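Me: Could you take me through the aromatic rings in this one? I'd like a close look at how they pair up, with a bit of background on the whole chain.

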Amino acid sequence: MVYPYQKSDNQYFPLIKLSLIHKDSKLTIGALVDSGANISIFGADVAESLGINIESGKEVYLSGVGGRILGYEHTIKFEIDQLVFAAKVIFSREFLVSFNLIGRRDVFEKFVICFNEKKKQVELESLDA
């Protein structure tokens, strides 16, 4: 599946649409494919939309360029291009950036991912197809 980069503030970003599934809830959102992130990170609003009590997860601290934030690890299901799989994610009330992030853990091993900066697109090819 090929996803054209999305423009925001005069810059282009490799954003894709995916669905997050938890129990009987399913939420379709956009997220940045981030090869520099170890794990996927979503804000509190995403967890609340899925009916997840953030603090019921394992407490973790994430460090990065923007400093350190408190988050909680949960396992949910992802649906990307009709492939459904479980992935560990972090939900955080302190994650206040513009985009949800899709990190490498439990996601990148499911796909061949090609960032094409010249064409401003990201391609995901399922390895389970």
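Reply: Let's start with the rule: rings of Phe, Tyr and Trp (its six-membered ring) pair if their centres lie within 6.5 Å, with planes under 30 degrees apart called stacked, over 60 edge-to-face and the rest tilted. This is a predicted model, so local features need pLDDT of at least 70 and side-chain atom pairs count only at 80 or more, while totals for chains, interfaces and linings use all residues. Residues are numbered from 1 along each chain as its sequence is written, and side-chain values use heavy atoms, leaving out hydrogens and water.

Ring pairs join Phe42, Phe78, Phe85, Phe91 and Phe111 into a cluster. In total, the rule gives 5 aromatic pairs. Take Phe42 and Phe78: their ring centres are 6.2 Å apart with the planes at 70°, so this pair is edge-to-face. Phe42 sits in strand S6 (residues 40–43) and Phe78 in strand S8 (residues 67–80), so the pair ties together parts 36 residues apart in sequence. Helices (H or I, at least four residues) and strands (E, at least two) are DSSP runs, numbered from the N terminus. Both Phe42 and Phe78 are buried, meaning under 20% relative accessible area with a 1.4 Å probe, protein chains only.

Another pair is Phe13 with Phe99, which is tilted, at 4.9 Å centre to centre and 50° between the planes. Phe13 belongs to strand S3 (residues 11–13), and Phe99 to the loop between strand S9 (83–92) and strand S10 (101–102), 86 residues away.

As for the background, the protein has 1 helix and 12 strands, and buried residues make up 45% of its 129 residues.

Note on methods:
Buried means under 20% relative accessible area, exposed over 50%, partly exposed in between (1.4 Å probe, protein chains only).
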